[in-house]
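Student: I should like to go through this model step by step. Would you take my questions in order?

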Amino acid sequence: MNIPDFHPAQQARNSSASTQAASPHAASGGAPGSILCLDIGSGTQDVLLTMPGLNPENWPRFVLPTPARRVAKRIAELTAEGRHIWLHGENMGGGFFGAVKAHVAAGLRMAAHPDAALALHDNPERVRALGVDIAESCPAGFAPVRLADYEPGFWRALLDTCGLPQPHLVVAAAQDHGHHPQGSNTVGRFELWRDFLNNSSDGQPGDGQAGANPASLIYDVPPAQFTRLSTLQRAIGGGPVADTGAAAVLGALALPEVQARSAREGVLVVNAGNSHTIAFLVFRQRVWGVYEHHTGMLTTESLLHDLNEFRLCWLPDEQVRAAGGHGSAFAPDIPPETEGFRPAFVLGPRREMLRGHGQFIAPHGDMMLAGCHGLLHGLDLRVRA
C-alpha cells in the first residue's frame with residue numbers, strides 16, 4: 001500500500017460536493033508523511049499510525065474502547081454517587097444512551113448543552129422527552145461530563161508517551177445517521193445510502209464507469225446533513241472524514257485478492273460490527289447494493305437468509321425495516337457479469353456469526369484495522385484518479 005503524500009496546495013476530487021476541493025492540510029509540526037487514521041465504532045476505536053519507511057505490518061496500532069464507552073462509564077460512576085450531570089462538549093456517537101436512561105431512571109437530573117444534546121437526538125424536544133434538560137451552562141451542583149469523539153490533547157499525550165511522532169495528517173471514520181430532527185435516524189441514515197446508489201453515475205466525475213464509487217465517500221467537506229462527521233473533522237484539524245461503512249468496504253478492497261476477484265465477478269463484502277452489520281455488493285471496485293441491520297437483532301440464521309436474498313438483489317427494503325434494520329437498496333442496471341455476487345468476504349468484530357459462510361479477511365494481517373486501511377486505500381484512489 002502506498003502512503004498518500006498530501007500537500008496543502010494539492011487538489012483532491014470530492015464528487016459529493018461536485019466541486020474541486022483543496023486537499024486536507026497538514027497538522028502543524030507533524031512528521032512528514034505520517035498519518036493518524038481512526039475508525040471510531042460503537043465498541044472500539046481502531047487506530048493506525050502510518051510510518052514512512054516501514055512495512056504496514058510494523059506501523060503502530062491501537063484498539064481502544066470507543067470514546068462513548070468512556071462517557072458511559074463516567075455517567076455510571078456519577079449515577080452511583082447520586083450526582084446530577086451536565087453534558088457538554090460536542091456531538092459524538094451515542095453509545096452512552098443506556099447510561100443516560102439509567103441515570104434518569106434513578107431519579108437523578110441531567111442537562112445537556114445544545115451541542116452535546118445532538119449526541120442524543122437532533123430534536124431538542126425529543127431530548128427533553130428523555131428527561132434531559134437543555135442548558136447553555138452548567139447548573140449549580142451538577143457534575144460536568146465532556147463529550148467528544150476526538151480529543152487532540154489525549155492523542156498528543158499518548159503518542160508522546162509511546163515515543164511516536166505527531167502525525168502530518170489525521171483522518172477519521174465514524175458512523176453518521178445524518179440530521180433528522182423530525183424523523184427516524186434509522187430510516188434517515190439509510191436514505192443516505194440510497195442516494196449514494198441512485199447517484200452512482202456521478203460516483204467519480206469523468207471516469208466513465210457505472211456503479212457507485214466508495215472512494216467518493218471520503219469527504220474533504222462532508223455534506224451538510226453529516227453533523228457528526230463535520231464536528232469530528234473540526235476536532236481532527238480539517239482532515240478527510242468518512243462513514244465507518246465506507247471505510248469497511250474500502251478496507252476489503254485494499255486487499256489485492258478482493259480487487260482481483262471483484263474484477264472478474266460480483267462479490268459480497270460483509271462487515272459484522274458490534275452494533276451494526278453492513279454488507280455491500282461490489283463489482284469492479286464499485287458498489288451495486290447496500291444492506292444494513294442492527295447486529296444485536298440478528299442471528300446467524302436470519303443474517304444468512306437476508307444475505308442470500310440480498311446477493312440476488314431480491315431482498316425487499318420493507319422486509320429489512322420491518323425486522324428493525326436500516327434497509328436494503330440496489331443501484332440501477334446491475335450488470336449480468338456480477339453472477340449473483342457469490343464469493344463472500346467477511347470482516348468485523350462479530351464475524352464469527354458467519355464462520356463457514358465466507359472468507360475471513362484481514363488487511364495486512366489485522367482485521368480490526370480494516371477500516372483504517374480502507375481510509376488510506378480510499379485516499380490513495382482519489383490521488384490516483
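The questions and answers below concern confidence, overall fold, helix packing and individual residues.

Tutor: This is a predicted model, in which local features need pLDDT of at least 70, side-chain atom pairs count only at pLDDT 80 or more, and totals for chains, interfaces and linings use all residues. Residues are numbered from 1 along each chain as its sequence is written, and side-chain values use heavy atoms, with hydrogens and water left out.

Student: What is the average pLDDT of the protein chain?

Tutor: The pLDDT is the predictor's confidence in each residue, from 0 to 100. A score of at least 70 is reached by 86% of the residues. The average for the protein chain is 87.

Student: How many contacts beyond near neighbours in sequence does the model have for residues 5-29?

Tutor: The pLDDT is below 50 over residues 5-29. Where pLDDT is low, the predicted coordinates should not be read in detail. With contact meaning heavy atoms within 4.5 Å, the number for this stretch, beyond near neighbours in sequence, is 52.

Student: How many helices and strands does the protein chain have?

Tutor: Helices (H or I, at least four residues) and strands (E, at least two) are DSSP runs, numbered from the N terminus. By that assignment the secondary structure of the protein chain comes to twelve helices and 18 strands.

Student: What percentage of the residues of the protein chain count as buried?

Tutor: Buried means under 20% relative accessible area, exposed over 50%, and partly exposed in between (1.4 Å probe, protein chains only). The protein chain has 385 residues, and the buried percentage is 55%.

Student: How is α1 oriented relative to α2: roughly parallel or roughly antiparallel?

Tutor: Helix α1 (residues 67-80) packs with helix α2 (residues 97-105) at an angle of about 10 degrees, their axes being 8 Å apart. Axes are lines fitted to C-alpha atoms, for helices over the stretch in contact, and angles run from 0 to 180 degrees between N-to-C directions. Angles under 35 degrees count as roughly parallel, over 145 as roughly antiparallel, 65 to 115 as roughly perpendicular and the rest as oblique. The angle therefore makes α1 and α2 roughly parallel.

Student: How is α8 oriented relative to α12: roughly parallel or roughly perpendicular?

Tutor: Helix α8 (residues 244-253) and α12 have axes 7 Å apart and pack at an angle of about 80 degrees. That angle makes the pair roughly perpendicular.

Student: Is Asp380 buried or exposed?

Tutor: Asp380 lies in helix α12 (residues 370-384). Its C-alpha atom is separated by 9.0 Å from that of Ala215, 165 residues apart along the chain. The relative accessible area of Asp380 is 10%, so Asp380 is buried.

Student: What is the phi of Gln285?

Tutor: Gln285 is placed in the loop between β14 (276-283) and β15 (286-294). With 25% relative accessibility, Gln285 counts as partly exposed. Although Gln285 is not a glycine, its phi is positive, at about 65 degrees.

Student: Where does Cys313 lie?

Tutor: Cys313 is a residue other than glycine with a positive phi, near 65 degrees. Its relative accessibility is 28%, so Cys313 counts as partly exposed. Cys313 lies in the loop between α10 (300-311) and α11 (317-322).
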